[in-house]
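Hello,

Here is the structure I said I would pass on. Please open it alongside this message and follow the residues as they come up.

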Amino acid sequence: MFYINYTTILLILAVAALAIPKPDEKKERVIDRELSDKEHFQNELHNTQYDHEAFLGEEAKTFDQLPPEESRRRLAIIVEKIDKNSDGLVTQEELKDWIQYTQKRYIMDDVDRQWKQHNPDNKETIPWEDYKKMVYGFMDDMDASETDQDEEGFSYKSMLRRDRRRWAVADQNGDDALTTEEFSAFLHPEETGHMRDIVVLETLEDIDKDKDGKVSLREYIGDMYRGEDGDPEPEWVQNEREQFTTYRDKDGDGYMDAEEVKNWIIPPDFDHAEAEARHLIYEADSDADHQLTKDEILTKYDLFVGSQATDFGEALARHDEF
């Protein structure tokens with residue numbers, strides 16, 4: 001969840017009802033480490049759109065129409081960035097590091113933007129009291145009934161309480177002030193190992209409407225799907241019912257406890273970046289030496305970026321770099 005200012009909080013509360021899943025729309029809770037929302041293989045055919053998004057990251061969603069020559073030219077600049085030791089070869093590890101960087105660039109940008117906004121004097125840390133005053137200071141002028149008002153599970157007081165708890169977990173040295181790294185964990189707990197339990201707890205609290213400390217099948221489905229009474233359920237809802245009974249509820253007691261919620265939303269780690277780096281090298285490595293030259297990458301440019309290239313994000317959009 002992003003934390004910006006009073007206006008943002010008001011917006012969150014105002015649109016909470018709009019966030020309810022539409023009848024045929026599925027809400028995702030799983031922390032997915034997939035590099036693209038595209039299928040890598042469709043009907044056994046290789047879909048290079050997956051590779052383009054994996055290679056270029058979040059900003060690969062906006063496509064520009066570029067001729068092949070321009071695609072190759074811009075890709076050549078990226079290759080030089082990937083080759084960290086400038087030996088003319090891109091190893092699997094260097095390619096993996098690049099893919100991880102592109103995937104997390106939007107997070108780094110968000111943390112940097114919010115750090116500057118909440119820390120205009122550029123101090124080494126942001127104290128909790130400073131953050132609280134900036135984000136929740138408006139509550140001092142509100143009646144208790146207003147701060148307690150619940151809108152689809154949100155209230156100012158509950159948001160403050162959740163932020164305070166998350167802050168304490170992110171604050172690893174216990175000084176009640178966050179460094180840049182700790183602030184990143186606070187803003188994006190799903191990306192930080194020691195914050196995973198707080199993600200599980202917050203998810204459990206969101207879904208557990210009767211506050212009995214566990215998730216029933218009704219709550220599980222209700223979090224994903226809000227159909228009209230009497231309407232036939234979409235097939236994916238039926239599949240989710242089976243998933244709950246067969247896989248999610250491991251002890252078969254009809255509920256998911258905190259550990260079962262964790263197993264659901266944080267599946268066992270699979271290193272998608274490493275798998276993609278290995279795949280790209282396999283596809284482009286013409287001399288089978290398990291590393292890529294710039295020529296090998298440019299020869300297979302359509303695997304990495306295609307001739308319908310993206311905006312190329314920050315790695316490509318700055319004109320002064322070209």
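Below is what was found in it, from the whole chain down to single residues.

Overall picture

Please keep in mind that this is a predicted model. The chain contains 16 helices and eight strands. Of its 322 residues, 41% are buried. Counting contacts between residues at least 6 apart in sequence, 64% link residues at least 24 apart.

Confidence

Mean pLDDT for the chain is 82, with 80% of the residues at 70 or more. Residues 60–64 have a pLDDT below 50, and this stretch makes 13 contacts in the model beyond near neighbours in sequence. Residues 307–322 also stay under 50, and there the model has 52 contacts beyond four places in sequence.

Nonpolar cores

The largest nonpolar core has 40 residues. Those with the most contacts inside it are Y131, W167, F183, F186, Y220, V261 and W264. Helices α4 (92–118), α5 (128–136), α7 (156–170), α8 (180–187), α9, α10 (217–224), α11 (235–248) and α12 each contribute at least two residues to this core. Apart from it lies another core of 26 residues, including A277, A284, L292 and V305. In soluble globular proteins, nonpolar side chains tend to be buried together.

Leaving out residues up to four places away in sequence, W167 touches I126, P127, W128, Y131, D176, A177, L178, F183 and F186.

Helices α9 and α12

Helix α9 (residues 196–207) packs against helix α12 (residues 258–265) at an angle of about 105 degrees, and their axes are 9 Å apart. That angle makes α9 roughly perpendicular to α12. On the α9 side the contact involves D197, V199, V200, T203, L204 and I207; on the α12 side, A258, V261, K262, W264 and I265. By type, the residues of this contact are eight nonpolar, one polar and two charged. V261 and W264 are also among the residues with the most contacts inside the largest core.

A buried lysine

Beyond its neighbours within four places in sequence, K96 contacts D271, A273, E274 and A277. The C-alpha atoms of K96 and A277 are separated by 5.3 Å, although these residues are 181 apart along the chain. A277 is one of the residues of the 26-residue core.

Helix α2

Helix α2 (residues 48–56) is mostly covered, with seven of its nine residues buried. The buried ones are Y50, D51, H52, E53, A54, F55 and L56.

Most residues other than glycine have a negative phi. A288 has a positive value, near 55 degrees, and H290 has a positive value near 70 degrees. A288 sits in the loop between α13 (272–284) and β8 (292–293), and H290 lies in the loop between α13 and β8 as well. A288 is exposed, with a relative accessible area of 54%. H290 counts as exposed at 64% relative accessibility.

Regards

Terms used
Residues numbered from 1 in each chain as written. Heavy atoms only, no water. Axes fitted to C-alpha atoms, helices over the stretch in contact; angles between N-to-C directions. Helix = DSSP H or I, 4+ residues; strand = E, 2+ residues; numbered from the N terminus. Parallel < 35°, antiparallel > 145°, perpendicular 65-115°, else oblique. Contact = heavy atoms within 4.5 Å. Nonpolar A, V, L, I, M, F, W, Y, C, P; charged D, E, K, R; others polar. Core = buried A, V, L, I, M, F, W, Y, C linked by side-chain atoms within 4.5 Å. Buried < 20%, exposed > 50% of the residue type's maximum accessible area, 1.4 Å probe, protein only. pLDDT = per-residue confidence, 0-100.
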